[in-house]
Amino acid sequence: MERMTASVAPARVDSWLWAVRIYKTRSAATTACRAGHVRVNGEKVKASQSVKPGDELRVRIAGFDRILVVRQTLTKRVGAPVAATALEDRTPPREPMAMLAVRDRGAGRPTKRERREIDRLRGVE
């Protein structure tokens, strides 16, 4: 007998974020909720807040906001293809960040090869 894990019934926000693979662990999702990094329909929420299909979540991960819309509620972790169908990602594309040539302090003078690599990164030829 297969147990149903997806439904239209409300689910806890931390459990849903873990089930759709936004966070690796449920405790990480709970910590993010406590820190105020998760908003449901524009309001900061506790980990026990319920989400239902149609709710918009703003999740702050690595300094960037992801905008997610709940399509279906999940309470158990499922495979990646199923998890992808349970959410709609409305996050706008990020601007590509330029790589900066940074040397460790105390690394000494760069060799000729390292200097050429740094110049290539900076676009100076």
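## Exercises around a loop, a core and a sheet

Asn41 has a relative accessibility of 46%, so Asn41 counts as partly exposed (buried is under 20% relative accessible area, exposed over 50%, partly exposed in between, with a 1.4 Å probe and protein chains only). The model is predicted, with local features needing pLDDT of at least 70 and side-chain atom pairs pLDDT 80 or more, while totals for chains, interfaces and linings use all residues. Residues are numbered from 1 along each chain as its sequence is written, and side-chain values use heavy atoms, leaving out hydrogens and water.

**Exercise 1.** Asp55: buried or exposed? Which side chain does its own side chain meet in a polar contact?

*Solution.* Locate Asp55 in the loop between strand 5 (50-51) and strand 6. Then read its accessibility: at 5%, Asp55 counts as buried. Now follow the side chain to the side chain of Asn41, where the two make a polar contact at 3.2 Å (N or O atoms within 3.5 Å; within protein, one able to donate a hydrogen and the other to accept it, with residues adjacent in sequence counted only if both atoms are side-chain atoms). Finally, list who touches Asp55, skipping residues up to four places away in sequence: Val40, Asn41, Ser50, Leu68, Val69 and Val70 (contact means heavy atoms within 4.5 Å).

**Exercise 2.** Pick out the residues that touch the most other members of the largest nonpolar core, and say which element gives the largest share.

*Solution.* That core has 24 residues, and Val13, Trp16, Leu17 and Leu57 touch the most other members (a nonpolar core joins buried Ala, Val, Leu, Ile, Met, Phe, Trp, Tyr and Cys through side-chain atoms within 4.5 Å). Two or more residues come from each of helix 1 (13-19), helix 2 (26-34), strand 3 (38-40), strand 6 (56-61) and strand 7 (64-70). Helix 1 gives the largest share, four residues. Now zoom in on Leu17: leaving aside neighbours within four places in sequence, it contacts Ile22, Tyr23, Ala29, Val38, Leu57, Val59 and Leu68.

**Exercise 3.** Give the strand order of the open sheet and explain why one side of each edge strand lacks a neighbour.

*Solution.* Trace the five strands in the order 4-3-6-7-9, with antiparallel pairing (two strands pair if DSSP finds at least two bridges between them). Strand 4 (43-44) and strand 9 (87-89) are at the edges; each has a single partner strand, so one side of each has no neighbour in the sheet. For a look inside, take strands 6 and 7: they run antiparallel and six bridges join them.
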